[in-house]
Amino acid sequence: MPRPIAATIHTGALAHNLARARAAAPDARVWAVVKANAYGHGIERAYAGLQAADGFALLDLAEAERIRALGWRGPVLLLEDCFEARDLELCSRLDLWHVIHREDQIDWLSRHKTARPQRVFLKLNSGMNRLGFRPDAYRSAWLRLSGLTQVEDIALMTHFADADGAAGIGAQQAVFDAATRDLPGERSLANSAATLRFAPDNAAVRADWVRAGIMSYGSAPDFPAHDIAAWGLEPAMTLRAELIATQALRAGDTVGYGSRFVADAPLRIGVVACGYADGYPRLAPTGTPVLVDGVRCRLVGRVSMDMLTVDLTPVPGAGVGSEVTLWGRGPAGSVLAVDEVAHAAGTIGYELMCALAQRVPVSVD
Ligand SMILES: *Cc1c(COP(=O)(O)O)cnc(C)c1O
């Protein structure tokens, strides 16, 4: 019998969550963002659930090849464009759309011999200061691109730094509006947080395309302000394992490396076949929620490479073989959002899903 740990990708949840993006921005088209191997879900595994997208947005050519190999003939957007000029050849062959964020990417396009005119999203740096042209350089980049025979269509795009937080999107949206006011073309501004929080009431944020990443996978971008239930999202990834041992602690006994957890009274604990080498966050502290037989328990002591330990007080009937849900869907309709585990560990749902380890077998339902 293999080690009792497995992940499941829920096709229906992906489809449901993508439909939530569409409902929040009914007049826009939806990019399903599948970078980082579909946020750890696996592009091939996620594809069936995301079929209703209008296009797939991703980062590297190998991922684009995988999407085409699955039979997707619609739009594919390269979010950081090419990393060197010679990549353009494969881009053209795969019919990829570009996000142009740097002057030399325009140079490359201008020298690219292609029979097929390219679709381009021109990225404005509206304040995040990672990628894109600053407002005072945006128009000249647009003019250069519009003069190229290689380019057939230019859309306008920016990315928000605080769509999930208190600062919101107002300042960056104003920069985008000012820089693009009299330029033609489609527009794309919103990531998941902006789609959920602002798109329903703001046509300029919905624009022509929204870019749904994390929400499609069933994580609330603004947790803990909202959880997935509040946004009507469903977990698209479940990580489950089993208890492989139990221990009866006496008062004063400790658990795990560093002896960090000390029982102050007799306590029954369960040992779970999941550790940081499976992608579970090592920094998850005592108190992090774990479901045992669908019942909420707390992690105790340090997470180790292959195991973690839980307090079985809420579920006295549990024993070796009991089902443990690290995140996602548990038995009998129970749910543990990845966001809760991430928050306890001082990180975000994105990181946990992306970090699901190779050694965990994954299936699709
Ligand atoms: C990753 C990414 C997104 C998706 O962000 P989420 O927060 O996961 O929705 C959207 N736009 C760009 C440019 C990205 O890089």
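## Close-up views of a predicted model

Two cavities of 30 Å³ or more are found in the structure. A cavity is a set of points on a 1 Å grid over the protein atoms alone where a 1.4 Å probe fits but cannot get out. Volume here is the space filled by probe spheres set on the points, with grid points joined across faces, edges and corners. The model is predicted, so local features need pLDDT of at least 70 and side-chain atom pairs count only at pLDDT 80 or more, while totals for chains, interfaces and linings use all residues. Residues are numbered from 1 along each chain as its sequence is written, and side-chain values use heavy atoms, with hydrogens and water left out.

**View 1. The largest cavity has a volume of about 50 Å³.** Lining residues have an atom within 4 Å of a point. Here they are Lys123, Leu124, Asn125, Ser126, Met128, Arg130, Leu131, Thr158, His159 and Gln172. Three are nonpolar, five polar and two charged. In this scheme Ala, Val, Leu, Ile, Met, Phe, Trp, Tyr, Cys and Pro are nonpolar; Asp, Glu, Lys and Arg are charged; the others, Gly among them, are polar.

**View 2. The second largest cavity holds about 30 Å³ of space.** Its lining is made of Tyr217, Gly218, Ile228, Pro235, Ala236, Met237, Ala337, Val338 and Met353. Eight of these residues are nonpolar, one is polar and none is charged.

**View 3. The largest pocket contains about 720 Å³ of space.** A pocket is an open set of points with protein on both sides within 12 Å along at least five of seven lines. The lining has 35 residues, and Lys35, Tyr39, His159, Asn191 and Tyr350 are the closest to the pocket centre. By class, 18 lining residues are nonpolar, eight polar and nine charged. Helices H2 (35–39), H9 (192–197), H12 (338–344) and H13 (349–354) each supply at least two lining residues. H12 gives the most, with three. Helices (H or I, at least four residues) and strands (E, at least two) are DSSP runs, numbered from the N terminus.

**View 4. Tyr39 is found in helix H2.** Tyr39 is not a glycine, yet its phi is positive, at about 50 degrees. Is Tyr39 buried or exposed? Tyr39 counts as buried because its relative accessibility is 6%. Buried means under 20% relative accessible area, exposed over 50%, and partly exposed in between (1.4 Å probe, protein chains only).

**View 5. Ser259 lies in the loop between strand E11 (254–255) and strand E12 (261–262).** Its phi is also positive, near 50 degrees, in a residue other than glycine. Ser259 counts as partly exposed, at 38% relative accessibility.

**View 6. Thr309 sits in strand E16 (residues 308–311).** Thr309 is buried, with a relative accessible area of 11%. Its side chain reaches the backbone oxygen of Val300 at 2.6 Å. Leaving out residues up to four places away in sequence, Thr309 touches Val255, Ile269, Gly270, Val271, Arg298, Leu299 and Val300. A contact means heavy atoms within 4.5 Å.

**View 7. The peptide bond from Phe223 to Pro224 is cis.** Omega is near 5 degrees for this bond. Pro224 belongs to the loop between strand E9 (209–212) and helix H11 (228–231).

Note on methods
Polar contact = N/O pair within 3.5 Å; in protein donor to acceptor, adjacent residues only side chain to side chain.
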